[in-house]
Amino acid sequence: MKNCKRNILITGGAGFIGSHVVRLFVTRYPEYHIINLDKLTYAGNLANLKDIESALNYTFVKADICDFELLEELMKKYKIDGIIHLAAESHVDRSIKDPFTFAKTNVMGTLSLLQAARSYWEALPEKYEGKMFYHISTDEVYGALELNIPEGDSETNKCGGGPFGDRFFKETNSYNPHSPYSASKASSDHFVRSFHDTYGMPTIVTNCSNNYGPCQFPEKLIPLFINNIILRKPLPVYGKGENVRDWLYVVDHAKAIDIIFHKGKIAETYNIGGSNEWKNIDLIKVLIKVTDKLLGRTECEDLDLITYVTDRAGHDLRYAIDSTKLKTELGWEPSLQFEEGIEKTVRWYLDNQEWLDHVISGDYQKYYEQMYQGR
Ligand code: NAD
Ligand code: TYD
């Protein structure tokens, strides 16, 4: 694509959040060339982008962020002036089983991308002017908050919508990661900031709470449980189901990324959250209610699928984000109420049973293996 206003590299664009970000940028900014770089691991699925795959301003490149030489070539080839970096290993349970892969992709991969951007941008006459390296991270780097319901609020805090404590993650919180996943993301965040402080690279880091919505891989709580309810399989609740997460609809995260990419201040950190805390067990009951309703089953007839299992090792008790900075400085607000978002999400999985079946059977990977054979 010649003479476009910007050439933006989005990594991990075939994954859950990345696909929503790619779609938003491709459709909202026809004057930009969007290059989606993804290795297509088990979590990457080009079916997530079927609707925009032939857009004139969109290019897909199958590549690994650890491949430094290739990244250098691609930076030059596509004259990249902005990077939105989402590619990562993202599931805590997998990180407990295989921490090496997390260090490799999340730490070394991010470092390769930073170095490739630096070597290309520093060689240009204008160097870093008009450039941006935007790193997408998680609230899990901050560690865990305690469960501590302020007195007098117990009624409103019983089910959903929290808060379940009087402390929240702010941008100024120190890092205290507990899982290999969050430790690897914390390390990558530090590398990104170090490239600003050491080389003057224009960087931004954002730390977001748990996302939910269409196209999430069914290993994470919400899509896994929707699928299990459909199939009437047990719902494995870790520990007592008392852990709290702050849920944000994925499209609202993508909109925040758009605002921050265009208006965010260089070297800043922004926290992004839904102000929507739920104890896992309460959230699961809502999921059962909504899914049973949409399936035409008797309301809550699948409550008996709830099965308490051994807790996750090092399971963080509570995450909760304070997004005041993003709201007041850049004017972002989540657009969806949780009830609306969860119903939309369940409906999407029910309407896209084929997507779910292909992901679970692994067929989506066989298809793309054939497509990319020999490239
Ligand atoms: P995901 O697992 O659904 O997608 C990750 C994508 O990265 C996949 O398409 C995968 O193929 C690709 N990828 C993995 N390794 C790669 C490599 N070596 N080279 C190139 N591509 C590679 O993840 P997600 O949930 O969409 O998360 C995206 C980003 O947002 C991650 O950085 C994650 O840490 C962060 N984040 C996620 C959440 C959440 O709730 N899911 C919340 C906050 C932050
Ligand atoms: P998950 O979706 O894996 O996100 P994260 O660990 O990054 O927050 O899990 C969300 C919450 O649900 C977390 O407290 C762990 C819990 N959980 C279960 O109880 N059972 C499950 O099978 C899964 C996948 C998660």
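Predicted model: local features only at pLDDT ≥ 70, side-chain atom pairs only at ≥ 80, totals over all residues.
An open sheet is made of 7 strands, and its order reads E3-E2-E1-E4-E5-E6-E10. The strands pair in parallel. Select residues 58-62 and then 269-272: these are E3 and E10, the edge strands, each of which pairs on one side only. From one strand to the next the twist averages 20°.

Now select residues 82-85 and 132-138. These are strands E4 and E5, a parallel pair joined over 4 bridges. Within this pair, glycine 82 is found opposite methionine 132 of E5.

**A helix on the sheet**

**Helix H4**

Next, select residues 99-122, helix H4. How far apart are the end C-alpha atoms of this helix? They are 33 Å apart. Because 24 residues at 1.5 Å a residue should span 34 Å, the two values agree. Then pick methionine 108, where a kink of about 25° in H4 is centred.

**Ligand 1**

Select ligand 1 and the residues around it. There are 29 of these, and the closest are Ile17, Asp38, Ser90, Tyr181 and Lys185.

- Isoleucine 17: a backbone N or O atom lies 2.8 Å from an oxygen atom of ligand 1.
- Lysine 39: a polar backbone atom is 3.1 Å from a nitrogen atom of ligand 1.
- Aspartate 64: here a polar side-chain atom lies 2.9 Å from a nitrogen atom of ligand 1.

**Ligand 2**

Move to ligand 2. Which residues come nearest to ligand 2? Of the 18 around it, they are Glu140, Pro236, Arg245, Arg312 and His315.

- Asparagine 210: an N or O atom in its side chain is 2.9 Å from an oxygen atom of ligand 2.
- Leucine 221: a polar backbone atom is 2.9 Å from an oxygen atom of ligand 2.
- Tyrosine 238: a polar backbone atom is 2.9 Å from an oxygen atom of ligand 2.

Technical notes
Residues numbered from 1 in each chain as written. Chains lettered and ligands numbered in written order. Heavy atoms only, no water. Pairing = 2+ DSSP bridges. Helix = DSSP H or I, 4+ residues; strand = E, 2+ residues; numbered from the N terminus. Axes fitted to C-alpha atoms, helices over the stretch in contact; angles between N-to-C directions. Expected span 1.5 Å × (residues − 1). Bend = angle between axes of the 7 residues up to and from the residue. Near = heavy atom within 4 Å. Polar contact = N/O pair within 3.5 Å; in protein donor to acceptor, adjacent residues only side chain to side chain.
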